[in-house]
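Morning, everyone. Let's take a quick look at this one. Here it is on screen.

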Amino acid sequence: MEKEIIERLQQKTSISAVQCELQSGYDLSPVEAEVLARRVKELAEEQIGDDRQRGQVTYHAVGIEEPPGKQLSECRRVPVHLTVVGEKDAELWGEEGCLALRRERVRRIVYEATMQEGALSQEDVACILGISVKSVRRIFAHFREQGEWLPSRGEIQDMGRGVSHKIPIIRRYVEDHSFTHISRRLGNHGIPSMTRYLRHFASVMILEDRGLRPEEMQSVIGISENLIEEYRDLYDELNTSRHQRTLERLKRTVLSKLAGTDTGTAKVTDGPSEGAGAQKRDLR
């Protein structure tokens, strides 16, 4: 493996994350910061432990808000818990084989990092899973061919932070996945956040139907034009007979709130199906 890649990965350890914070925040020399960082880490492990689940590892990823071009040594790092071995992995391996399992693990940890405010590079993914960077690139290319751009650090820098997880969440909901399923699949993402994404998406659909331009939509909805364009593209993709019922229900939910009618009952169900006993969430 290239020396430069190894050096970049070494700068993402928990020690280097604490050391960076001590150097920038307390004006310590690199040596002083490293010694103190190691002691702080020892005390934290002794006193606090961690909240990782079975099958998870903790990795220090670059903060998702860090801009491209910034020196890695100066970037904020955040600890993220990543599921290397999931409950369904053995079943997937047995039914679909090693390649399917490898793809699922790559996809899972990239989304989990994003949901915890971290961004993994393809090099990070290769190191965590013990596979080559070339293999990771092929897996990313596979998902792009399927119409899904995994939110690696490079992809997030290219498309903007806001789009990285909103689009997959909305697509899964419209394709008849429940909130609970989506949350588990995408790193236990919060249901209140998911309802907000759906509300904004529904607002874009309504205004698109009425012929408003993106800049006009922005003044009404209060989200970026870039995200509005992504939602318009997604609406164009999903606006088929197969998804019509779910899309119309989302529109009705938002319209009823905007009109001030039935404000106590405008709901979105835990899943697109409206069976008896379905859990409900407010779109607010």
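One rule before we start: rings of Phe, Tyr and Trp, the last by its six-membered ring, pair if their centres lie within 6.5 Å. Planes over 60 degrees apart count as edge-to-face. Keep in mind that this is a predicted model.

So, how many aromatic pairs does this rule give? The count is one aromatic pair. The partners are Phe201 and Tyr231. Their centres are 5.7 Å apart, and the planes make 75 degrees, so by the over-60 cut-off the pair is edge-to-face. Where do the two residues sit? Phe201 is in helix α11, residues 191-209. Tyr231 is in helix α13, residues 225-238. The pair therefore ties together parts that are 30 residues apart in sequence. Buried or exposed? Phe201 is buried, and Tyr231 is buried too.

Another ring now. Tyr111 has Arg172 over its face, 5.9 Å from the ring centre.

On to the sheet. Three strands make an open sheet, and the order reads β2-β1-β3. Pairing is antiparallel. Which strands stand at the edges? β2, residues 77-83, and β3, residues 118-119. Each has a single partner strand, so one side of each is left without a neighbour in the sheet.

Look at β1, residues 56-63. Two bridges join β1 to β3, in the antiparallel sense. Gly63 stands opposite Gly118 of β3.

What packs on this sheet? Helix α5, residues 98-115. Helix α5 touches β1, β2 and β3. The direction of α5 makes about 140 degrees with that of β2.

Technical notes: Residues numbered from 1 in each chain as written. Predicted model: local features only at pLDDT ≥ 70, side-chain atom pairs only at ≥ 80, totals over all residues. Heavy atoms only, no water. Pairing = 2+ DSSP bridges. Helix = DSSP H or I, 4+ residues; strand = E, 2+ residues; numbered from the N terminus. Contact = heavy atoms within 4.5 Å. Axes fitted to C-alpha atoms, helices over the stretch in contact; angles between N-to-C directions. Phe/Tyr/Trp six-rings, centres within 6.5 Å; stacked < 30°, edge-to-face > 60°. Buried < 20%, exposed > 50% of the residue type's maximum accessible area, 1.4 Å probe, protein only. Lys NZ or Arg CZ within 6 Å of the ring centre and 35° of its normal.
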